[in-house]
Structure formats: structure tokens, C-alpha cells
Amino acid sequence: MSKLKLKVFVGLSGGVDSSVTAALLKEQGYQVTGVYMKNWSKDLPGMPCPWKQDYQDAKRVAVQLGIPFKMYDFEKEYRQKVVEYMLAEYQAGRTPNPDIMCNQEIKFKLFFDTAIKDGADLVATGHYARVVNSYNSKSKEIQLLRAKDENKDQTYFLYRVSESALAKTLFPLGDYTKPEVRKLAKKFGLVTANKAESMGICFVGKVGIKDFLVHELGPQKKGDVVDEHSRTVGQHEGAIFYTIGQRHGLDVGGGLPYYVTGKDMKKNIVYVSTDLNDKSLWDSSVSVKDVHWISARPTNKNIEVRTRHRAKLVKGVLEFGEYSAKVEIQLKEDVRAITPGQSIVFYQGDVVLGGGIIY
Amino acid sequence: MKQAPNIYMDYAAATPLDPKILNKMLPYFSDNYYNPSATYLSAQAVAQDIAEARNKIAKGLGVKPVEIIFTAGGTEANNLAIKGVMERFPEAQVITSNIEHESVLRSAEKYSYSQVRVASDGRLSTANLEKELTDKTVLVSIILANNEIGTIQSIRKISALIEKIGQAREKSGNNMPLYLHTDASQAPLFLDLHFSRLGVDMMTLNGGKIYGPKQSGLLVVKTGIVLYPLIDGGGQERQLRSGTENVPAIIGLSEAIISAQKHHKSESLRLTKLRDWFITELSREIPDALINGSLKYRLPNNINITIPGTDNERIMMELDELGIQCAVGSACSASNDQPSHVLEAIGLTDEGAQSSLRFSLGRTTTKQDINYVIKSLKKICSKKYI
């Protein structure tokens with residue numbers, strides 16, 4: 001099918017990346033429709049939600065490109081699938097990743113399905129990643145690949161996207177670096193060309209996760225902070241606020257910095273150590289559950305992994321267990337602060353194989 | 001890249017400061033900066049300049065200088081009128097129309113309050129107002145010319161009614177006064193604002209809408225009316241508005257009012273022609289388009305239209321890209337905005353309100369500008385996805 005006939009629905013967030021995505025696709029001859037997903041609009045104490053400005057910027061980009069514009073209201077679903085999940089995970093003592101959940105449940109499920117239902121042949125977003133499918137290659141296989149800009153690569157957040165969605169997805173920015181994208185935005189004359197980057201979890205923004213959790217869950221029970229010699233060295237404001245490996249935010253005062261080495265949610269204890277080499281901070285293997293493979297399970301078990309966004313890739317060997325959704329990874333070197341609830345993503349070269357949740 | 005023209009059609013939102021007025025204001029920033037309350041001669045000279053500005057306005061409006069209270073803009077003057085009366089008569093009732101400016105509505109809502117509904121042309125009938133009046137009514141506030149749809153009220157008929165009721169009340173031994181306030185912020189460029197001819201008791205004016213500085217304004221308060229002050233302090237403006245006088249703003253406001261009233265007839269004639277040309281051309285080129293508000297009783301610079309089925313915010317942005325600036329009465333439903341209470345009051349649905357645009361003309365507007373706007377609107381509306 002010629003590109004001219006292909007309808008692409010682009011998720012326009014009001015930021016520079018998605019704006020350039022839409023502009024590039026239009027330039028390439030697709031029939032582009034811009035869609036603003038309204039996922040969150042609530043103001044938080046000290047942080048008015050900027051959604052309205054973002055919405056208007058997205059709409060303005062559609063005007064500048066001369067493309068149709070729609071808004072999909074996913075607030076209810078986003079609350080259910082992303083925010084509630086996030087809160088439940090924190091309450092269980094884990095450190096979830098809402099961006100991964102948002103891609104899995106909202107952008108590449110709800111948005112994807114709605115767009116296809118509304119007549120789209122393909123969807124596109126401004127993610128820094130590359131995808132191989134029948135629309136951009138002769139390959140029969142669907143592949144998710146790391147972005148050209150290693151600094152911006154967002155595949156860590158995309159490993160749970162379904163193969164069927166990837167089969168009809170375009171990531172035009174995967175072949176560009178961020179500075180190139182900024183230049184393109186200026187070249188296209190887009191209103192978002194100089195807009196500042198949004199940081200962190202979108203709806204938490206500058207408020208910070210701790211204040212957000214207090215806002216949603218109320219103040220937490222204080223408890224003991226216990227060091228590697230089993231001494232109580234201070235009080236914490238709620239165990240849910242602490243993440244393995246975290247250095248800041250411990251009100252224990254003076255001396256060497258403390259690092260969180262573990263938590264006991266039942267006893268409401270946060271364990272810390274001043275020793276960066278503390279054994280509990282370093283792991284040579286990882287247990288992974290809820291494993292998602294982009295296509296088939298790999299035959300070659302030598303992989304590279306990443307345990308957080310933009311972290312260094314570490315070599316490891318896959319061990320399949322009794323259940324297909326669980327795997328063990330034997331790492332070639334010790335990795336610091338492997339955190340239950342966070343994702344681990346598997347790579348072979350540029351190819352994203354899949355990943356799972358650390359437990 | 002082709003240079004887009006810059007056609008400003010949002011004069012009802014803000015007017016540029018007239019350069020001649022700016023020049024009159026400039027000495028009061030860094031040269032004659034003295035506090036007018038001080039006793040040395042240079043400060044007294046500034047106090048004298050304020051007095052002259054006040055006298056000029058008083059003469060222009062046909063009021064006494066002491067009847068003018070300078071405020072920081074129209075919103076404050078409206079707040080002072082409503083709250084200033086109602087705080088003194090907390091048990092009494094205030095009545096307004098349902099197409100007042102937010103500063104009147106939000107102030108009135110704090111008290112015992114009743115609304116008179118306008119007809120579908122935006123006009124208030126005195127019969128309907130009379131029905132709402134009770135023995136407890138102390139204040140009626142009616143906007144002289146509406147900011148969104150430009151509808152002009154027959155304020156003289158309204159003031160005659162208020163006077164009649166007031167006199168009857170006095171006879172019956174009811175000591176409660178009955179005051180009429182009008183927000184005339186949009187009016188000075190086009191209507192005669194001679195105070196006694198209007199017959200009102202209080203009137204709001206706003207410098208920022210008449211080529212004067214923003215945050216300049218005044219409330220005319222007829223002698224005999226005692227208001228409760230909103231801002232206490234050094235006792236400036238007859239104890240009603242404390243705070244060191246904003247001298248450049250007062251000078252600018254005075255010049256703006258004088259100039260507006262001097263030219264109101266000629267500017268009305270000129271803009272009425274342009275407005276009617278806009279409406280004629282619009283109906284010819286976009287026959288679906290509807291005009292909101294009375295055609296007859298309408299500010300010469302106001303065009304408020306609905307193009308059914310369109311997204312007004314998108315059209316506004318499309319026009320902006322073509323160098324035309326106009327206003328959306330209320331943005332699309334996506335923005336969670338409340339639909340415009342004025343458009344709602346004259347019977348528009350939410351969808352209708354979200355397809356409505358306001359063009360307001362001003363000193364620089366030409367026929368060519370209007371032709372370009374109509375051409376652009378037609379082009380935009382012909383796009384499939386609009």
C-alpha cells in the first residue's frame with residue numbers, strides 16, 4: 001500500500017518529540033492525524049497540572065501541520081491501570097515503573113485500539129526507539145530495536161508493548177538524535193521547538209514521588225531505620241518512600257551517607273548501610289517474573305540486560321525455569337541496587353528481546 | 001517565509017496604549033514620582049495634576065470631582081460597587097442580569113442575590129427587572145454594553161424604573177435605598193456617558209479597554225452613597241481606596257476617557273460600517289454562520305458569531321497562524337472550560353458556544369482587514385477536518 005493512503009494516528013503530547021514525529025510522517029507522505037491523550041488533569045498541591053497548555057500546544061502543532069486533531073480522554077483508565085497499580089506496588093514495598101505500565105496499557109493498548117477503531121492503519125509516537133515491521137521493511141518478523149541516540153533510547157520503557165501493536169507502529173525518531181530533533185522542530189517552524197523537556201513521571205512532575213504518595217495515600221506510619229550492625233540509627237517517615245540503593249532522604253543526620261539496603265514492610269523497618277560495598281546492595285543474579293517476550297523466546301541465552309532506564313548494559317546468561325513467565329539471569333558482573341518491582345530488559349545487540357519484573 | 005499580516009481583532013480584550021497618552025504618562029514615572037500625599041511643593045504639584053485629571057474626567061462625564069474614585073481597573077471598580085454597598089446592607093438583596101462580567105457575578109454571589117434573565121437577543125426587559133425587585137433590593141447592577149456579544153441595554157429606561165420604585169419606596173416609609181450601578185467598561189469609545197443622562201448612581205470605567213493603561217479604572221459614586229471600603233490604609237480616594245495613587249495610570253485614564261468621549265460619534269459611525277460589512281460578507285461567504293446578540297442594540301465594534309459544527313479553538317489557532325487575532329467565547333469542551341455564561345444566557349447550547357468566535361474591531365481596523373479575515377475564515381472552514 002502506498003504511504004499516501006496509509007492513515008497514521010500520532011500521539012501528540014504537546015512536546016517537541018511528538019510534534020516532530022507528526023511533521024516527519026507528514027513529510028513522508030502519510031495521512032497524519034494528531035491525537036492528544038488526556039490521561040491526567042488533576043492539580044497537585046504546589047503543582048498545577050500543565051495539561052491544558054500541553055493540549056493547546058498539541059492542537060497548535062496540528063494547525064501548523066494542517067492535520068486533523070482529536071482528543072482521547074483516557075483519564076479513568078489511566079487512573080485504574082497506571083496510578084492504582086503504582087500506588088499498590090508502593091504499598092507492597094516495591095518500586096514500580098508507571099511509564100512502562102502506561103506504554104503497555106494506555107499508549108499501545110487503549111490508544112492503539114481506539115485509533116485502529118477510528119480508522120487508523122498505523123499509530124506512531126515520539127519515542128526514541130526503532131521498530132521493524134511489514135510497513136517499514138520486508139521482514140516478516142517484528143522487532144523492537146534500540147534508538148540511534150543511545151543517550152535517549154527509551155526501549156527500557158517499551159519492552160512490554162505487544163507484538164501486535166508493534167506490527168502497526170512507527171517510531172520515526174529512532175533514527176535521530178535529540179539535537180537533530182530540536183533542529184527539525186525549528187526547521188518545521190513548530191511552536192514546541194523550544195519547549196523544555198518534561199522530566200520524571202509526567203503527573204508527579206516537580207512535586208516528587210514522596211509528596212505524591214502522601215497526597216494519595218495520606219501520611220505513613222513512622223518506623224525505625226536500622227543499620228548493618230542492627231543498630232537503630234533513626235526514624236523514617238514511611239517505609240514505602242524508600243528504594244533499594246537510595247542515598248538521600250534519610251533523616252539520620254551526620255557522618256557517612258547511608259544507603260537503603262532493604263525494607264521489611266511488615267515490621268515497618270528500613271535497613272541501611274554506610275558501606276557502598278555492602279553485600280545486600282550488590283547482586284550477581286536476578287530473579288525475573290512476568291516475563292514478556294517481544295516475539296519468541298531466544299535460542300541464544302547470552303544476553304545483555306539493563307535494570308533501569310539508561311543504565312549500562314551488563315552481560316548475563318538466561319536460565320529458563322519451570323514456568324515460562326519466570327527466568328533467572330546469571331550476571332557476568334555484580335550490579336548495584338537491583339530493586340524489586342522495577343523492570344529488567346533483555347537485549348541482544350540492538351534487538352530488544354523482552355524483559356520482566358524483578359522480584 | 002511569507003510574512004503573515006498582523007490583524008488584531010480582540011480590542012474588547014485589550015487595546016494598545018495610545019502613544020500620545022503614553023507620552024503624557026511618562027513624566028510621572030521617574031521625574032514627577034513624588035507621593036501626592038507629601039507636603040513639599042514638588043509632591044503638591046503631583047497632587048494638583050491628579051486633581052486636574054479628576055476634574056477633566058468629572059467635566060467629561062458631567063459629575064463632581066469628588067464623585068470619582070480611582071481604582072486599579074474595572075474589576076476592582078465593580079467589586080467596590082457591589083461589595084461596597086452590600087457590606088453596608090448585609091440583609092439586603094442585590095440584582096444583576098445574567099450577562100454581567102465575572103467581577104460583578106462573583107461579587108454579587110456572596111450576598112442575597114437574584115438574577116434577571118435577558119432575552120435571546122441579549123436585551124434586558126424592564127418588566128422582567130421590575131418582577132425581581134423586592135422591598136429588600138438595595139442594588140441593581142446592569143452592564144451597559146456586554147463585553148462578549150456587544151449588546152447595549154436601554155439604561156435610561158432601567159434607571160427610570162429604579163427611580164420610580166425608589167420614590168414609591170420612600171413614600172411607603174421604607175428607608176432602604178435603591179441604587180443602580182452600571183459596568184460601562186466597554187462603552188466609552190462608542191456611547192455618550194454623561195452621568196446624569198444615564199441616570200445611574202454608580203458607573204465603572206476601565207482604562208485598559210479604551211487605549212489607556214491596564215489596571216487603571218474608576219468608579220463614579222453619586223454624592224450621598226456611602227460605600228464600605230475594600231482596601232483600608234492611608235485613606236486615599238475619600239477613604240474608599242487606600243494606597244498611594246498610581247499617578248501615571250490616573251493621568252493616562254483621564255486622557256483616555258476624554259479622547260474616547262470626544263471621538264465616540266465619529267468612531268461609532270466608522271466602525272458600525274465596518275462591522276456591518278463584516279456581517280454582510282460573512283453571511284455571503286459562510287451562510288451557515290449565525291450572529292449572536294442583538295443587531296440593533298450593539299456596540300459598533302462587536303461581531304460575535306457561531307459557525308455550527310466547528311471547533312472555535314481550532315479556528316482561532318488557524319486564524320492566528322494566518323496573522324489574525326480573535327477571541328473564543330469559551331474554548332472547546334476538551335479544555336474543561338465552563339461554557340460562556342453570556343452565550344448560554346442567550347440560549348446557545350454548549351456545542352454552539354464551543355463553535356463561537358468574537359471579533360472586536362478598533363482604531364486600526366480597515367475594510368481590507370475585514371476582507372482578509374472573511375477570506376481566511378472561508379478557507380479554514382472549507383477544510384474537511386475543521
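What distance separates the centres of domain 1 of chain B and domain 2 of chain B, taken over C-alpha atoms? In this predicted model, the answer comes out at 28 Å. As for where those domains sit, the assignment for chain B puts residues 7–15 + 264–381 in domain 1 and residues 19–260 in domain 2.

The two domains of chain B do touch, with 24 residues from domain 1 and 26 residues from domain 2 taking part in the contact. On the domain 1 side, α9 (247–285), β10 (302–306) and α11 (341–345) of chain B each bring in at least two residues. The top contributor there is α11(B), which supplies four residues.

Now for a strand of chain B, β8, which covers residues 217–221. Five of its five residues are buried, so β8(B) is largely enclosed by the rest of the structure. In a regular strand, side chains alternate between the two faces of the sheet.

Strand β2 of chain B (residues 68–71) runs antiparallel to β8(B) and is joined to it by four bridges; here Ile68(B) has Val220(B) as its bridge partner. Strand β7 of chain B (residues 202–206) is also antiparallel to β8(B), with five bridges joining the two. In that pairing, Met202(B) is partnered with Val221(B).

Definitions and conventions
Residues are numbered from 1 along each chain as its sequence is written. Chains are lettered from A and ligands numbered from 1 in the order in which they are written. This is a predicted model: local features need pLDDT of at least 70, side-chain atom pairs count only at pLDDT 80 or more; totals for chains, interfaces and linings use all residues. A residue is buried if 20 or more other C-beta atoms lie within 10 Å of its own, exposed if 12 or fewer, and partly exposed in between; C-beta atoms are placed from the backbone. Two strands pair if DSSP finds at least two bridges between them. Domain bounds come from an automatic or database domain assignment. Two residues are in contact if their C-beta atoms, placed from the backbone, lie within 7 Å.
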